[in-house]
Amino acid sequence: MRKTKYMISGGLAFSEQKDMEKLRKLSSEGWHVTKFSFLGYTLEQGESADYIYSIDYRTLENDAEEYFELFQDAGWSLVDSSVDIHLFRAAPHTKPIYTDLDTTIEKYKNQTKPLNITMMTLVPATIITWVISLKSTGNIHTLFFCLALLLTVLTIPLLWTALTSYGNQWKAENKKGLVLLTKLLPVIAVVVAFFAVMESGIKSLQILASAVIGATVFVTFITVFTSLYHRIKAKKA
């Protein structure tokens, strides 16, 4: 029976490079990633080997065969694909997938495309359900209030992920002001939400603000936790 184990991801938008470095280190120990799993990767034990890994983001239609052949000819083997995310591996010193600024920027633009589509659905739905909740009474209010709260908890981590992805793109484009803005917006959101909780007399608004604070703190906790996890594992190795 083949031995497998799970490796948690730090979030590709937040720590893609760290994930790739960790996968390389595990390969040198005989653990090779075989597929994407929920919030991470599945690895299988085998002979130790030195592989480097790289992620690409691309929506494939009729050009899938040509796309994978291009990477294969360059020395990169496909490990797994999940929707529009593709994980490749290669021998050390293989020419990187992204060798110039233009292709790096294109990569980050491809990363944000699926996030944009999801946001176009979730953000309006969240706003509409909050408006209906605030304007209604009785069972309708309760129903839409619960739905709005659920959508808020889903939407905020998505917004943060999208914000980080745009930050990566703008960093590659050397747009320092916009990069700084991506760092400040979560802090501003929490401060505004905190004052809403303290000063507003509207119960629903207080709960909405609490949801904003809770979701933001949750994402921060997950980011810090996964970062510490990788650091501790690296020190023990």
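Okay, let's begin with helix H4, residues 138-172: at 1.5 Å a residue its 35 residues should span 51 Å, and the end C-alpha atoms are 51 Å apart, so the two agree. The expected span here is 1.5 Å times one less than the number of residues, and helices are DSSP runs of H or I, at least four residues, with strands being E runs of at least two, numbered from the N terminus. Just after H4, Asn-174 has a positive phi of about 65°.

Quick caveats. It's a predicted model, where local features need pLDDT of at least 70 and side-chain atom pairs count only at pLDDT 80 or more, while totals for chains, interfaces and linings use all residues. Numbering runs from 1 along each chain as its sequence is written, and side-chain values use heavy atoms, leaving out hydrogens and water.

Now, the cores. The largest nonpolar core has 15 residues, and Leu-23, Val-33, Tyr-41, Leu-43 and Leu-87 touch the most other members. A nonpolar core means buried Ala, Val, Leu, Ile, Met, Phe, Trp, Tyr and Cys joined through side-chain atoms within 4.5 Å; buried is under 20% relative accessible area, exposed over 50%, partly exposed in between, with a 1.4 Å probe and protein chains only. Helix H1 (12-28) and strands S2 (31-37), S3 (40-45) and S4 (52-57) each give two or more residues to this core, and H1 gives the most, with four. There's a second, separate core of eight residues, including Phe-71 and Trp-76.

Back to the helices: Val-131 sits in H3, residues 101-135, and counts as partly exposed because its relative accessibility is 42%. Leu-181, in H5 (residues 176-199), is also partly exposed, at 38%.
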